[in-house]
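Welcome, and please open your viewer. We will go from stop to stop, selecting a few residues each time.

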Amino acid sequence: MTGLAILGLAFVAGLLATGLPGGGLWLLGCGLVMVGVRSLPAGRRWRWLDPSSKPGFWLAAGLVGLLAALYLQWRTPQPGPEDISKAVGAIEQTGAAANLATVRGQVDSDYQLTSSGKARFWLQATQLLQIPTAIGPGGATPPQNLVQSVTGRVYTTVPLLQATGLTPGQTVEVSGRLYLPSRAKNPGAFDFAWYSQREGSFTGLAGRTLQMIDRPAATEGWWSGWDRLSPRSLNKHLVRELVRSMGFPEGAFLGALVLGRQAVDLPPDLQAQFVQAGLAHVLAASGFQIVTLLGTFLAIVRLRPLPWPLALAGAAVVLGYVWLAGAGPSVVRAGLMGLAVIAGLMQQRSINTLGALLAVVVAMLLWHPLWIWDLSFQFSLLATLGLIASAGPIVQWLTALPFFLAEPLAASLAATLWVMPVQLWTFYQVSPYGPIASALTTIPVAILTIAGAIGALLLVILPPLGRWFTSWLTYPVKALLMIGDWIATLPGSAIAIGAISIAQVLILYLLILLVWRSPWFHRANRWLLAAIVAVLLAIGPGWVARAHQLSLTVLDAGNQSMLAVQDGGQVMLVGSGDMAVAQFTLLPFLRHQGVNRVSGVVALGDRLEDRRAWLGILEQLPIANLYDRPLQVAASNVDRALVSALRVRNGRYHTLAAGQVVRLGRAELRAIDPNLPALSLTLGSETWLLLGNCSADQQKLLVQTNPLTPVTGLWWSGQALSPDLLNKLQPQWAIASTREIPEPIAQLLQDKRVKIYQTGNDGAIDWTPNQGLRANFDPTPTDQPL
């Protein structure tokens with residue numbers, strides 16, 4: 001390993017070290033350790049290090065790592081003095097609802113669909129107008145006409161119809177609720193604040209209405225056609241023509257196959273389907289498309305060495321694709337590697353692929369260091385490294401298979417192997433069928449990619465011929481969509497492993513490096529030993545911890561109530577919620593905990609929308625038993641759909657009766673009154689009262705008709721709370737599942753000396769027998785891989 005390679009690795013490691021406490025100091029410490037090691041006679045004999053490097057070189061490498069960490073911190077976006085995020089706090093001081101505002105600015109991106117069917121886009125704010133709709137503190141009327149000039153990028157969502165005709169460069173006014181993006185408040189949840197900061201945004205706007213003020217000025221002169229030939233315009237035109245000739249979603253899917261899902265707005269459920277099937281790379285513009293297009297070009301020309309006119313043509317193919325696909329980090333990396341291959345073919349010499357990869361990565365991170373935390377960049381880099389390092393040896397182990405199957409399967413296994421630790425850290429689950437599915441679809445996807453690129457070119461040059469050509473691709477695309485859907489619905493298509501630690505990630509990569517570089521593992525199939533150790537390391541610690549775990553977690557689900565009890569690997573969910581709670585709160589939490597089957601659910605909600613969360617869970621995981629209160633509307637569509645989905649998953653539906661006991665290991669749940677959402681939960685020596693959405697009158701009725709006893713804790717919606725009920729229960733603490741507790745209720749609890757927890761402020765609340773109650777909110781970003 002040369003000195004330049006070591007310095008490059010130190011730079012990359014320094015950027016990664018910003019995800020650890022202490023940051024770049026770890027690299028400086030490693031450099032000092034290596035100074036001591038290389039000063040020893042034994043350390044000077046390490047062949048895998050540059051033998052000419054002096055001890056002082058390692059100190060320099062450590063300093064490079066430290067400077068890299070400082071460089072990333074310097075390049076991390078921070079709010080400016082007039083950033084709109086600084087005005088949000090001042091607005092909130094005027095009252096609970098006074099954060100309603102109108103923001104004027106320029107649209108900074110194309111809009112895309114969210115999973116809830118809204119349009120999202122980036123807005124470059126220029127002006128803020130507060131809407132004084134609330135009474136401020138002390139009954140004061142908020143100031144009128146709060147208009148101020150602001151700066152900053154705003155993550156904006158609006159109803160889809162409001163965004164019709166929206167294009168980048170337009171000046172718009174969006175009215176809605178301003179908010180500050182939040183860190184992850186539940187285990188496994190997405191860290192929206194960290195994502196927004198990487199994008200240079202510190203404010204969100206949940207828009208209700210959008211008014212278009214003006215459109216971008218029309219470009220005149222000889223360059224006026226450039227607007228129509230911009231990547232955004234071309235992409236929209238191509239996708240529109242593909243959908244016109246092939247239908248939806250087939251046309252949009254072929255567009256994503258060629259250009260990547262960042263350039264095409266695919267339905268979120270279709271993207272999730274291919275992610276669960278282990279085929280997410282099919283829709284990612286990265287090395288696969290570059291290799292396919294460049295390989296086709298080189299196969300056509302068949303000249304070695306490559307003459308410079310053909311080399312320029314090949315470079316134009318690569319750069320044109322990078323430009324058209326949007327120049328994301330993964331496609332830029334693949335494009336630069338493609339240019340390196342072309343340069344090697346011009347000189348008729350092989351390139352050092354590892355050295356070229358390291359040079360490309362260092363150059364990209366010097367330009368944009370925040371790409372180190374971009375998942376598409378990480379997965380693309382690791383998959384490429386896996387192909388370089390491990391695909392060849394794996395092919396040799398698959399000699400029993402035909403070559404046309406062995407090579408794609410080896411490439412898929414190699415990429416999966418190197419990506420797996422980061423995938424486990426980020427998503428807490430694996431797709432067992434992914435490597436086989438990827439191997440079987442490699443050739444069809446490559447053919448469709450080439451055909452789609454030809455069709456796209458024809459649509460630009462000869463639209464009628466392009467429509468005729470792409471129409472013939474409809475059925476192959478339908479077949480690929482059916483394969484993805486079939487794999488995603490297979491049992492065990494996605495298996496939750498649970499959260500793993502940074503130490504586990506580092507040890508897994510250490511094992512991969514040892515198998516790659518150590519000759520000892522290459523003899524007598526000793527790599528199997530490393531594979532067994534890796535599996536045990538990834539699964540074992542979490543499985544052992546969960547096997548003896550008794551815990552309770554009150555999740556932050558906004559103003560909806562959700563609670564999870566775990567004991568010995570079994571899980572019971574109690575509460576109510578809509579589909580968004582299932583998608584953004586429950587499912588990430590269950591994956592984080594390594595749960596692949598829910599033992600029981602107790603539904604507390606009466607309204608239809610409060611019961612949709614269980615339908616969302618059943619779409620992904622089986623529920624063994626669902627306990628429901630006597631149905632208020634027996635013929636409701638949601639109830640029938642819920643019972644039907646439960647039966648498909650071989651689950652059982654139960655109606656709770658007064659005094660009925662539901663047991664989960666050491667936890668015991670008892671129904672107090674089947675007509676009211678009130679349950680008694682016993683955990684060891686502690687007793688909780690779980691109270692759903694009840695009015696104060698219903699709580700009084702609960703006290704009058706049921707023999708309640710004092711409890712250790714109370715969990716309720718955070719709204720109405722009867723003094724009679726509080727006097728009867730005498731809890732030591734109370735957990736409110738809400739963003740805000742009414743002042744009279746908070747004062748009542750304080751007068752009773754009840755300790756208050758609030759999920760809206762504290763995040764998820766954990767309870768264990770040893771630690772008791774603990775707020776789970778962690779300000780550390782959670783979607784970083786290290």
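Predicted model: local features only at pLDDT ≥ 70, side-chain atom pairs only at ≥ 80, totals over all residues.

In which helix does Pro 744 lie? Select Pro 744 and you are in helix α25, residues 743-751; helices (H or I, at least four residues) and strands (E, at least two) are DSSP runs, numbered from the N terminus. Pro 744 is exposed, with a relative accessible area of 61% (buried means under 20%, exposed over 50%, partly exposed in between, with a 1.4 Å probe and protein chains only).

Residues are numbered from 1 along each chain as its sequence is written, and side-chain values use heavy atoms, leaving out hydrogens and water.

**Next stop: the sheet.** Select the eight strands of an open, mixed sheet, ordered β15-β14-β13-β12-β11-β10-β23-β24. Strands pair here if DSSP finds at least two bridges between them. At the edges are β15 (652-655) and β24 (772-775), each pairing on one side only. Strand β14 (residues 623-628) runs parallel to β15, joined by four bridges. Zoom in on Asp 628, which stands opposite Thr 655 in β15.

**Next: a salt-bridge network.** Show Asp 108, Arg 153 and Glu 199, which are linked in a network of salt bridges (a side-chain nitrogen of Lys or Arg within 4 Å of a carboxyl oxygen of Asp or Glu). Arg 153 and Asp 108 meet at 2.9 Å, N to O. Arg 153 is in strand β5 (residues 153-158) and Asp 108 in the loop between β1 (100-107) and β2 (112-113), so this pair ties together parts 45 residues apart in sequence. For Glu 199 and Arg 153, the closest N and O atoms are 3.6 Å apart. Is Arg 153 buried or exposed? Arg 153 counts as buried, at 17% relative accessibility, whereas Asp 108 is partly exposed at 35% and Glu 199 partly exposed at 33%.

**Last stop: another bridge.** Select Arg 467 and Glu 241, which form a salt bridge with the closest N and O atoms 2.8 Å apart. Arg 467 lies in helix α16 and Glu 241 in helix α6 (residues 231-246), so the pair ties together parts 226 residues apart in sequence. Glu 241 is buried, at 7% relative accessible area, while Arg 467 is partly exposed at 23%.
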